[in-house]
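The following exercises ask the reader to work through the architecture of a protein chain. Each task is followed by a solution set out in steps.

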Amino acid sequence: MRKTLQDLERLCTVDAALADITARRPAMADIATSYALLQRARQAAREVLPGMSFLGDAPKMTSLVQGQPLLGPLLDSLAQPAPELLERFLAAARVILPAAAQAFPSLAPELAKIAVRFDKPDPGADEGPGLAAELLTAIGPDAENGPRPQTIEDIAKRLKLSAPALHMSATETFLAVLGHEASLLEGLVDQNVWRRGYCPVCGGGPDVGILKEGQEDSEFLIAKAGQLWLHCGQCAALWRFPRLRCVGCGCEDPERMETIVAEDDPRPDVERAHLCQDCHAYGLTVNLVDRTDRVNLEMLPISLLYLDILAQERGFTPLAPSPWNTLG
Ligand SMILES: [Zn+2]
Ligand SMILES: [Zn+2]
């Protein structure tokens with residue numbers, strides 16, 4: 001899909017997308033600039049990570065048939081992260097932490113302290129790979145089964161570091177590692193097999209959906225206006241999903257779904273939020289059908305933040321909550 005969009009010259013850079021957001025919605029300029037810094041850093045992190053996935057050069061795709069994301073075993077291992085993961089985490093952190101410090105200047109001094117701890121030449125228990133392992137365990141799904149069950153807040157208190165800075169270091173760096181994996185793995189996913197509301201690579205929820213031109217197979221016949229592709233809020237992989245189904249609960253009753261657009265939107269058919277009355281989740285979509293302008297897929301979620309505000313004011317919850325789209 002990404003390749004198809006590139007072939008169609010439909011993609012633009014992070015910088016071009018940022019210029020577009022700043023021009024269209026000046027109030028979003030600051031947050032979009034911070035977001036762009038981290039997106040650029042995620043791209044840069046790919047350059048310093050090995051060209052092979054954790055799953056090797058010929059990963060087995062059979063787990064997808066059972067609805068298991070490809071990186072499920074990696075995520076399940078976070079309570080006891082493997083040395084290779086720690087090595088990659090530390091390599092990515094060297095790129096991510098300076099960008100995070102630029103994006104959030106108030107956290108910069110604390111992020112610098114964390115970077116120094118990561119880079120200790122002769123690291124002790126709370127430094128280098130030891131600290132990386134503690135952080136990955138704390139943000140993983142299985143934290144209570146780690147060798148030393150503790151939260152990010154516990155670690156921050158013990159090491160006299162800021163918990164928000166430590167949390168950002170852990171999550172942004174891990175997301176960069178996941179994004180690198182997705183760039184290696186997403187092309188291998190059979191889009192005819194995966195029909196889930198979560199990412200086939202990492203299991204994350206979608207932060208935006210993209211409607212694009214495309215041939216419809218029988219299951220999707222109803223979607224005359226374009227194929228829906230979901231974009232993972234964690235690793236940025238793309239996958240197809242039935243267009244008129246709620247991603248949160250599978251509801252297909254059009255009476256239970258409501259679409260909202262911004263009041264002042266000159267192109268109300270382009271950017272929308274879809275609210276589900278059954279599960280009270282909402283998803284965002286961008287329609288690329290019959291358009292010639294370019295988009296940056298990673299910047300789309302921040303460009304739609306005004307729709308998050310409208311949907312959350314109505315009491316609905318994002319499909320992929322993040323510090324960016326979780327408002328007041
Ligand atoms: Zn993902
Ligand atoms: Zn629903």
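Predicted model: local features only at pLDDT ≥ 70, side-chain atom pairs only at ≥ 80, totals over all residues.

**Exercise 1. The chain as a whole**

Task: State how many helices and strands the protein chain has, and decide how its radius of gyration compares with the globule rule.

Solution: 
1. The protein chain contains 11 helices and seven strands.
2. Its radius of gyration is 20 Å, and the globule rule gives 20 Å for 328 residues.
3. The two values are close, so the chain is as compact as a globular protein of that length.
4. Along the principal axes, the C-alpha atoms fill a box of roughly 60 × 45 × 40 Å.

**Exercise 2. Helices α3 and α5**

Task: Determine how α3 and α5 are oriented to each other, and list the residues that form their contact.

Solution: 
1. Helix α3 spans residues 29-48 and helix α5 spans residues 83-103; their axes come within 9 Å and cross at roughly 165 degrees.
2. Angles over 145 degrees count as roughly antiparallel, and α3 and α5 are therefore roughly antiparallel to each other.
3. The crossing of these two helices is right-handed.
4. From α3, the contact draws on S34, L37, L38, R40, A41, A44, A45 and V48; from α5, it draws on A91, A92, V95, I96, A99, A100, Q102 and A103.
5. Sorted by class, the residues of this contact are 13 nonpolar, two polar and one charged.

**Exercise 3. Two partners of helix α9**

Task: Find the orientation of α6 to α9 and that of α7 to α9.

Solution: 
1. Helix α6 (residues 108-118) and helix α9 (residues 163-185) have axes that come within 9 Å and cross at roughly 55 degrees.
2. Consequently, α6 and α9 are oblique to each other, and α6 passes α9 in a right-handed crossing.
3. E110, L111 and I114 in α6 meet A165, L166 and S169 in α9.
4. That contact comprises four nonpolar residues, one polar and one charged.
5. Helix α7 (residues 128-139) packs with α9 at an angle of about 85 degrees, the axes being 10 Å apart.
6. Angles of 65 to 115 degrees count as roughly perpendicular, which makes α7 roughly perpendicular to α9.
7. L135, L136, A138 and I139 of α7 make this contact with A170, T171 and F174 of α9.
8. The contact of α7 with α9 has six nonpolar residues, one polar and no charged.

Note on methods
Residues numbered from 1 in each chain as written. Chains lettered and ligands numbered in written order. Axes fitted to C-alpha atoms, helices over the stretch in contact; angles between N-to-C directions. Helix = DSSP H or I, 4+ residues; strand = E, 2+ residues; numbered from the N terminus. Parallel < 35°, antiparallel > 145°, perpendicular 65-115°, else oblique. Left-handed = near helix turned anticlockwise from the far one by under 90°. Contact = placed C-beta atoms within 7 Å. Nonpolar A, V, L, I, M, F, W, Y, C, P; charged D, E, K, R; others polar. Rg over C-alpha atoms; globule rule 2.2 N^0.38 Å.
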